[in-house]
Amino acid sequence: MSVTLKDVEHMAKLARLEFSEEEKQKFTHQLNDILAYVEQLNKLDTSKVEPLSHVIELSNVFRDDAVKPGLATEEALKNAPAKSDKFFKVPKVIGDK
Amino acid sequence: MKTFDSIRAELDSGKTSCEKITQEYLGVIEQGKRLNAFLAVFPEQSLEQARTVDKKRSAGTAGPLAGMVVSIKDVICVKDARVTCGSKILEHFVSPYDATVVSRLKQADAVIIGKTNMDEFAMGSSTENSAYGRVKLPQDESRVPGGSSGGSAVAVRAGMSTTALGSDTGGSIRQPASFTGVVGLKPTYGRVSRYGLVAFASSFDAIGPLALSTKDAARVLGVIAGHDEHDSTSAEVPVPNYLGALTKDVKGLRVGIPKEYFGSGLEAEVRDAVEKKIDVLRKHGAIIQEVSLPHSEYTIATYYILATAEASSNLARYDGARYGYRAKGANDLMEMYVQSRSQGFGAEVKRRIMLGTYVLSSGYYDAYYRKGQKVRRLIQDDFISAFKNVDCLITPTSPSTSFKAGEKVDDPLQMYLSDIFTTSANLAGIPGISIPCGNDRQGLPIGLQILGKHFDEATIFRVADFLETT
């Protein structure tokens, strides 16, 4: 499998990133290098192996549904790039059309 | 440079105070500014904290780490201080709370002196990927200190704090410990709470200490380890007395030498240095045996699939909406996301987000991500089988000593391969420690790695301390 410029553009879109033409070329090249290296995993037959998603045995962790102090609204808004009253402020979401 | 034992002796003899010690460290930080190890220093707060500890000492109520000064990697939250993660995207972010590890250190009366430089979001092996400039190796400033916890390693090496905290996702504590010549521990996954650690790859990330001695690393782990209700992946496994484990005795201990870690690509001087230490263990009664970890060659490939996948998901939160950098002049929400992220992240972070997005995307998920998870199990099984016959494993920490700045920045794959001996511990979730193992002919430190069973940090501390003091 090899990555094309078009794939890179699609990934960028999914990841909410944008690149210059030059960067796209560079990424295409570098991602292909890395993926070529990763291909070696296909030498292994893993048809009977269960995927490992967590390295230590854990069962569900429950806690009491009790009210505890949390981050106050004011504190939570301290790092906001833009705010209005008690809310985060962002550019308009709904278009004019 | 002083270990905690010598600091305590000076404190007990009345020769010095925590305030004086802190003042001295602040002076060394100032003198060593060109190394770029720190992103923030807290002169007022640390001296204030030190004076409080001095009062407690007089009153006989001081905690176990009274007199220890700690620096914190800038990926771990300290209340009311900035946590940048070495990234422009979090340049002005101020943490509203303390990470659990930080509150536990404070409770034990350690003094927090500042935040250390790092590869952006802990992605890198040289601490060159920081938006705030690279960190220099004190022994040779044209070289790298390793990474991503390069700032923490240099802080300890250069005497800017007694110990430091780092984070290790694929070797980010152990490899810089090796390059700078200090001790660095990655604990078992789940041993230390990740609450307040900015996430990179959540199934790999671990916080651990860097120190001048194994004993000091053991002391810090004893304080920060243990279950935390704020991190549901932190394990409810009792924390032993690690200092009690430093028995200075290795008689009968079964030490495995994984043959795959001594193959081609390993620098001869590194191999010789590690083998010499193995001989020391043999001479003192340890039972040395060769073992095989047959899937070792697949660790880097597996790691870069899974870690980038987790990173692409974790880093989706940086969208410019609630905190962090927001690009100016965006006309709509989508433009705000795209521009904030594209301007805020550096090249390596973007590369990993792209790779992670690719391996998780429709059509490739099974071929890459799921495949990676399966091979991860094979790698973990290798360790579980090996540990049926041995108590710990010894390997080099890195195939080489420190490299020149700029040498690998344009070749990501070469950079990734410098973690070839460390990522396996993160894939398997086992603990690993790097300890100094002499220098090469150029005077650059060599690191030796000891890997242990899940939650058995005590044994690797015991071996590390033995090698260090024998």
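Val90(A) lies in the segment that follows strand E2 (87–88) of chain A. In this predicted model, Val90(A) has a relative accessible area of 31%.

In general, side chains of opposite charge can pair when their charged atoms come close. Here Lys26(A) forms a salt bridge with Asp410(B), and the closest N and O atoms are 4.0 Å apart. Lys26(A) sits in helix H2 (residues 21–38) of chain A, while Asp410(B) sits in the loop between strand E9 (392–396) and helix H13 (412–417) of chain B, so this pair joins two chains. Asp410(B) is exposed, with a relative accessible area of 59%, whereas Lys26(A), at 44%, counts as partly exposed. Over all chains, a search of the whole structure finds 30 salt bridges.

The next step is the sheet of chain B. Strands of a sheet pair through backbone hydrogen bonds, either parallel or antiparallel. In chain B, eleven strands form an open sheet with mixed pairing, in the order E1-E3-E2-E4-E6-E5-E10-E11-E9-E7-E8. The edges are taken by E1 and by strand E8 (287–291) of chain B; each has a single partner strand, so one side of each is left without a neighbour in the sheet. On average, neighbouring strands of this sheet are turned by 30 degrees against each other, direction ignored.

Strand E1 (residues 38–41) of chain B pairs with E3(B) in the antiparallel sense, over three bridges. Strand E2 (residues 69–73) of chain B pairs with E3(B) in the parallel sense, over five bridges. Gly114(B) in E3(B) stands opposite Val41(B), and Gly114(B) also stands opposite Ser71(B). To get from E2(B) to E3(B), the chain crosses through helix H4 (residues 100–107) of chain B, and this β-α-β crossover is right-handed. How many of the six residues of E3(B) are buried? Six of the six are, so E3(B) is largely enclosed by the rest of the structure.

Further along the order comes strand E6 (residues 206–211) of chain B. Strand E4 (residues 163–168) of chain B runs antiparallel to E6(B) and is joined to it by six bridges. Strand E5 (residues 183–186) of chain B also runs antiparallel to E6(B), joined by two bridges. Ala211(B) in E6(B) stands opposite Thr163(B), and Ala211(B) also stands opposite Val183(B). Leu210(B) in E6(B) stands opposite Gly184(B). E6(B) is mostly covered, with six of its six residues buried.

H7(B) is followed by Gly226(B), whose phi is positive, near 115 degrees.

What does the side chain of Arg219(B) meet in a salt bridge? The partner is Asp5(B), at 2.8 Å from N to O. Asp5(B) lies in helix H1 (residues 4–12) of chain B and Arg219(B) in H7(B), so the pair ties together parts that are 214 residues apart in sequence. Arg219(B) has 15% relative accessibility. The cut-off for a buried residue is under 20%, so Arg219(B) counts as buried. Asp5(B), with a relative accessible area of 34%, is partly exposed. Salt bridges that share partners join Asp5(B), Lys215(B), Asp216(B) and Arg219(B) into one network.

Another salt bridge of chain B is formed by the side chains of Arg174(B) and Asp168(B), at 2.9 Å from N to O. Both Arg174(B) and Asp168(B) are buried.

Key
Residues are numbered from 1 along each chain as its sequence is written. Chains are lettered from A and ligands numbered from 1 in the order in which they are written. This is a predicted model: local features need pLDDT of at least 70, side-chain atom pairs count only at pLDDT 80 or more; totals for chains, interfaces and linings use all residues. Side-chain values use heavy atoms; hydrogens and water are left out. Buried means under 20% relative accessible area, exposed over 50%, partly exposed in between (1.4 Å probe, protein chains only). Helices (H or I, at least four residues) and strands (E, at least two) are DSSP runs, numbered from the N terminus. Two strands pair if DSSP finds at least two bridges between them. A crossover is right-handed if, with the strands pointing away from the viewer, the path from the first strand over the helix to the second runs clockwise. Axes are lines fitted to C-alpha atoms, for helices over the stretch in contact, and angles run from 0 to 180 degrees between N-to-C directions.
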